Amino acid sequence: MSACAPAQPQTPAPTKRPHQPHSPPRRFRVAGADLSASIAVFLIALPLSLGIALATGAPLQAGLVAAAVGGIVAGGLGGCPLQVSGPAAGLTVVTADLIDRYGWRATCGITVLAGLAQLGLGCLRVARSALAVSPAVVHGMLAGIGITIAVAQLHIVLGGNPHSSVLDNLRALPEQLARLHPAAVSMSALTLTLLLAWPRLPGRPGRFLRRIPAALVAVAGATATASLTGLTLPRVDLPSWRSHALAGLPEGPVLGIAAAVLTTTLVCSVQSLLGAVAVDKLVAARPGAQARVGRSDLDRELLGQGAANIVSGALGGLPVAGVAVRSSANVRSGAVSRNSTMLHGVLVVVAALLMVPILDLIPLASLAALVMAVGIQMVSLHHIRTVTRHREVLVYAATTLGVVALGVLEGVLSGVAVAVAVALHRLARTRITHEEKGGVHYVQVRGQLTFLAVPRLSRALHLLPQGAHAVVELHGSFMDHAAYESLQDWQHAHTAQGGSAELTGRRGGVRTTTSRSRRPGPDDRPDGRPDDRPDGRHDLVRGISAFQRDTAPLVRDELARLAREGQRPSQLFLTCADSRLVTSMITSSGPGDLFVVRNVGNLVPLPGEESGDESVAAAIEYAVDVLKVRSITVCGHSGCGAMQALLNSESGGAGTPLKRWLGHGLPSLQRMTDSTRPGARLAGRPSADAVERLCLANVVQQLDHLRAHESVARALREGVLELHGMYFHVGEAQAYLLGRADGDPVFEHVPGTEELAGPA
């Protein structure tokens, strides 16, 4: 054994040397980014945690306990590494109501029970289902909570004490205005002024100073002013930690306690899960961050939040949830791991133990002004515009008013009930119109086509004259069996009487022809099939008209934003000019998402071999160097006419533009026929024929051509660009993404519930 001992360190040495120069700098860089981010989040969390505890009527230490537990426990165990949890403004109304009904220690016990309920939901893996709640209900709930917070804190800002309900606070407001406390009002005004002005400091000094959180500056400024001027007003009074109250068992009616646990669980869970989704969007907008951080595991996040609520409640802390302000600050400060979230919790513990004399100097009016501003911000004008555009104002208003007048749980239930009623109304409401243009009869059906609308539809269709050309346009997303049979019966009867019938539908602004039927005519094709393509100009005008009527109102605001801000697509999508490939449909993308280049055969000419046509190379350079796209996708498809022509091409003959262009595909043909190179294939089955093999090989070959372009090669070296290969089977309506299996290029089936695979 002694003879073997010297040989042991020599064997792994060659494999470790290449990694040794890289590992230490990377660890240092990540630790530095997380440290700076944790400090930024801590400076925001400290005053907000005290302010939210004040707004609920809980002991002020409870806010610090929840902030520390949220950072350490939820940050360490949760499924969203960069989400920062702690006492949230969205829970203020719920917690204040629980304290008023059951007392503080029982509220802590309810928090523990809510945490156990979250653990159960996480184990059942229902996190995604929780996101099925209508956004109008969620935004309405937050707006109602924000109004309640703002009205209550206004009394403290004016030097008084809030009442238990919004209506009582509103009724008492005139009397409070008559009894203003000058010192409290002045400190509140100073806090609000600093809070609003600090983010708007101009110039280079302003950019430097804005790194300090506005909430910290506002509270610190008011504290310093109050201390230096000797103002007499209520201040923070943190009692000794020895007298800190821990959780107790709640007492009262079982149904009441169950409702309290349900409300706390609902608000904590929905706010945390929506926050995790929002953090994913912020991370995705940061170049290269998505690959290092990864997407959130929502079920694990629910488990982490449940564990945090159990610990926070047991230690006498407020309920814990994901907090949007702190999470966005964490992401924007450059955090790259959950260490930043956990370290911020450690800093809160240190502050709670060592900074009590400083915290006791903070005026309560300053904290109330800070929380009031947060409450006002929860009533988001952006959300109001969004629900207005989607015609869900009634749901939003019902939820908001319900929360304000009745309470959070009652308000949410009211909003859900209204949302269900609106959905049923839309499902049952169908508008059927008939008009004649140029001898063509148009029957337009707007709304969902169910058996309830069949009598009206039948009356409208049977009023059409015999032998007429009729077009039925379906502007809905659902048709039941009764409506389908009614349409089919009418179509057969109408064509039997010498007429022609065309059924068209629209899905997301995309026109699809369901069926065209008519008797044979003099313009039929030689093989006996009718040439049923509509007149070009007529179809174009009808399509534009339908866009202006149906789609333009829905996308006008988004297009106006893109017109102001310019395009910022995330990827270059290079595909074939085939009319069956609708890029926005197969990628579920919208305006501004894709920079699309289409040509015959989805070909990428090699640099220097463009033969005078450098349009593809120019588009690649513009996308990579100017638009800074993060990925390029080459998409082929089944039944590609260009690949069929390439297979059937013969050397020599007239050099037509099409033949010269298809010459850029010859390397793909050589790749397919080269037995020494691994052939591309679809996972799970062999290629159907030579055309499909060539289509697959062509995608792989064009990716190689892409790597030969200087701008692409440079971006790949810098790690800011990814290349993807994609194959769309038209007949199956199925997408495949290029991966690797044992070194061979394999196109993997993409299920509807999984996200895209990694780079090719």
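**A helix pair and its setting**

Reply: In this predicted model, helix α22 (residues 454-462) packs with helix α23 (residues 481-496) at an angle of about 15°, and their axes are 10 Å apart. Angles under 35 degrees count as roughly parallel, so α22 is roughly parallel to α23. The crossing of these two helices, α22 and α23, is right-handed.

On the α22 side, the residues in contact are Val454, Leu457, Ser458 and Leu461. They meet Ala482, Ala483, Ser486, Leu487 and Trp490 of α23. By class, the contact of α22 with α23 consists of seven nonpolar residues and two polar ones, with no charged residue.

Helix α7 (residues 135-157) and helix α20 (residues 393-405) have axes that come within 7 Å and cross at roughly 35°. Here too the crossing is described as right-handed, with α7 passing α20. From α7, the contact takes in Ala136, Val137, His139, Gly140, Met141, Ala143, Gly144, Ile145, Ile147 and Thr148. From α20, the residues are Val395, Tyr396, Thr399, Thr400, Val403 and Val404. The contact of α7 with α20 divides into 10 nonpolar and six polar residues, again with no charged ones.

A loop residue gives a view away from the helix pairs. Leu315 sits in the loop between α14 (298-314) and β2 (321-322). Its relative accessible area is 43%, so Leu315 is partly exposed. Apart from neighbours within four places in sequence, Leu315 is in contact with Val65, Val69, His244, Ala245 and Leu246.

The chain contains 31 helices and 14 strands. Of its 760 residues, 46% count as buried. The accessible surface of the protein chain is about 37600 Å², and carbon and sulfur atoms hold 61% of that area.

To return to the pair in the request: α22 and α23 pack at about 15° with axes 10 Å apart, and their contact has seven nonpolar, two polar and no charged residues.

Conventions: Residues numbered from 1 in each chain as written. Predicted model: local features only at pLDDT ≥ 70, side-chain atom pairs only at ≥ 80, totals over all residues. Heavy atoms only, no water. Axes fitted to C-alpha atoms, helices over the stretch in contact; angles between N-to-C directions. Helix = DSSP H or I, 4+ residues; strand = E, 2+ residues; numbered from the N terminus. Left-handed = near helix turned anticlockwise from the far one by under 90°. Contact = heavy atoms within 4.5 Å. Nonpolar A, V, L, I, M, F, W, Y, C, P; charged D, E, K, R; others polar. Buried < 20%, exposed > 50% of the residue type's maximum accessible area, 1.4 Å probe, protein only. Areas by Shrake-Rupley, 256 points an atom, 1.4 Å probe, with all protein chains shown as cover. Parallel < 35°, antiparallel > 145°, perpendicular 65-115°, else oblique.
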